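Dear colleague,

Please find below the model that I promised to hand over, together with its sequence. My notes on what was found follow it, and I would be glad if you read them with the structure open.

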There are 2 protein chains.
Amino acid sequence: MKKIITISREYGSGGRFIGRLAAERLGFAFYDRDLIELAAKESGLAADFIKDTDESLSAGAPFNFSIWDMFSHSVFSPDAMPLQDQIHVLLGNIINDIASQEACVIVGRSADYILRDRDDCLNVFIHADREHKLRRVTEDFGVPERNAEKVMEKTDKARASYYRHYSGQIWGLARNYHLSIDSGLFGVEACADTIVRLARL
Amino acid sequence: MKKIITISREYGSGGRFIGRLAAERLGFAFYDRDLIELAAKESGLAADFIKDTDESLSAGAPFNFSIWDMFSHSVFSPDAMPLQDQIHVLLGNIINDIASQEACVIVGRSADYILRDRDDCLNVFIHADREHKLRRVTEDFGVPERNAEKVMEKTDKARASYYRHYSGQIWGLARNYHLSIDSGLFGVEACADTIVRLARL
């Protein structure tokens with residue numbers, strides 16, 4: 001029985017939804033955006049600022065150090081490492097704390113790599129064909145059709161860079177996960193069901 | 001319901017065994033080394049020669065054209081393309097014929113790519129951690145322990161080259177398969193079971 005499930009996913013593959021379904025069925029806690037909220041609470045930084053900073057590396061955005069001065073009362077030491085890396089370390093500590101406290105499903109943030117020394121993790125990668133992802137991105141996420149392809153490509157490229165930066169590994173390489181599954185072909189219900197079955201082995 | 005299952009696998013991951021289990025449970029035909037035998041029968045070439053030639057590309061072995069002259073009575077035209085590619089085409093034709101005739105599990109030979117235009121294929125990639133693969137390679141395949149690591153590495157490198165040469169795709173990238181699964185963590189029985197369940201959807 002695995003008590004931690006990490007979900008990495010292509011944008012539009014429904015990975016977050018599948019993670020939530022699996023968490024409900026297993027009776028596990030579910031963490032996604034909540035990780036950012038916890039980091040905001042702990043650091044005194046705004047949640048959106050944490051999210052944007054943590055992800056800015058991958059998008060190649062230049063970090064604006066003047067923003068840092070606004071938060072000199074936070075838990076961070078401005079002298080040490082770049083704020084971006086400090087935020088990642090804070091998120092990593094939060095993920096480690098959560099994993100040691102309760103059975104849970106964690107979506108994103110390279111949690112599979114952060115928790116690599118634990119032997120109770122089931123690491124999952126969710127992907128799907130272009131058509132299924134396009135449909136979800138436009139219909140469920142509300143991205144205008146003319147932008148959808150570009151947003152998909154850019155988001156996955158950013159996720160790959162983020163993962164490579166923090167893990168030195170290739171994002172989406174099957175051997176880096178215990179299970180990789182196509183949500184377009186099988187549907188979200190069957191994907192969640194497969195995760196639940198394998199987690200219970 | 002999918003009627004064709006293709007299995008790609010890391011050396012030592014038990015992919016062939018898992019494929020055979022899944023075929024038995026689904027009542028599907030099973031093709032592995034049999035593909036080579038069929039190609040031998042059709043071409044008049046020796047099975048070992050076909051196997052070695054088809055795989056030589058990836059191992060980087062120079063092709064010895066003098067061998068070709070020994071088989072001038074075969075179905076191949078020596079003028080057309082390199083024998084290696086002709087053999088791959090022959091294997092591709094055999095795989096296409098089999099797929100159109102019966103429900104089956106096919107192991108290796110980039111069958112997922114050869115059959116990419118069909119919509120009744122379930123493409124699976126089997127991998128495992130180093131320890132589980134080493135155990136299988138030494139205990140089941142009888143590879144001496146001192147060579148096992150090198151043989152594993154060389155074989156997987158050859159499979160990756162073969163796949164890249166014929167498909168232009170990256171071998172072992174999750175999105176190229178509908179399901180990728182770690183046989184070391186879950187065991188061969190659970191992997192076969194997962195394939196069977198998903199094939200029946």
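**Where the two chains pair**

In this predicted model, the residue that A:Ser180 has as its bridge partner in β5(B) is B:Ser180. The strands to which this pair belongs, β5 of chain A (residues 179–182) and β5(B), run antiparallel to each other and are joined over three bridges.

The contact as a whole takes 18 residues from chain A and 18 residues from chain B. On the side of chain B that touches chain A, at least two residues each are supplied by β4 (121–127), β5 (179–182), α9 (183–186) and α10 (188–199) of chain B, and the largest share, four residues, comes from β5(B). Sorted by class, this side of chain B has eleven nonpolar residues, five polar residues and two charged residues.

**How the copies are related**

As background, two copies of a chain are related by a rotation about an axis and a shift along it. The same surface serves both copies, since 100% of the contact residues of chain B recur in chain A.

Chain A has ten helices and five strands, and 44% of its 201 residues are buried. Among the contacts in chain A with a separation of 6 or more, 72% are between residues 24 or more positions apart.

The largest nonpolar core holds 94 residues, and the members that touch the most others in it are A:Ile5 and B:Ile5. If neighbours within four places in sequence are left aside, A:Ile5 is in contact with A:Ala22, A:Phe28, A:Val105, A:Leu122, A:Val124, A:Ile195 and A:Ala199. In soluble globular proteins, nonpolar side chains tend to be buried together.

Helix α2 of chain A (residues 34–43) has A:Leu35, A:Ile36, A:Leu38, A:Ala39 and A:Ser43 as buried residues. Because these residues cover an arc of only 160° around the axis, they lie on the same side of α2(A). The helix α2(A) is followed by A:Gly44, which has a positive phi, near 85°.

**Two loops of chain B**

Most residues other than glycine have a negative phi. In the loop between β3 (104–107) and α6 (111–114) of chain B lies B:Arg109, which is not a glycine and yet has a positive phi of about 60°. B:Ser110 is also placed in the loop between β3 and α6 of chain B, and its phi is positive too, near 55°. B:Arg109 counts as buried because it has 25 C-beta neighbours inside 10 Å, and B:Ser110 counts as buried because it has 24 C-beta neighbours inside 10 Å, where the cut-off for a buried residue is 20 or more.

The loop between α7 (130–140) and α8 (145–167) of chain B contains B:Gly142. With 7 C-beta neighbours inside 10 Å, B:Gly142 counts as exposed.

With best regards

Definitions and conventions. Residues numbered from 1 in each chain as written. Chains lettered and ligands numbered in written order. Predicted model: local features only at pLDDT ≥ 70, side-chain atom pairs only at ≥ 80, totals over all residues. Contact = placed C-beta atoms within 7 Å. Buried ≥ 20, exposed ≤ 12 C-beta atoms within 10 Å, placed from the backbone. Arc of directions from axis to C-beta. Nonpolar A, V, L, I, M, F, W, Y, C, P; charged D, E, K, R; others polar. Pairing = 2+ DSSP bridges. Core = buried A, V, L, I, M, F, W, Y, C linked by C-beta atoms within 7 Å.
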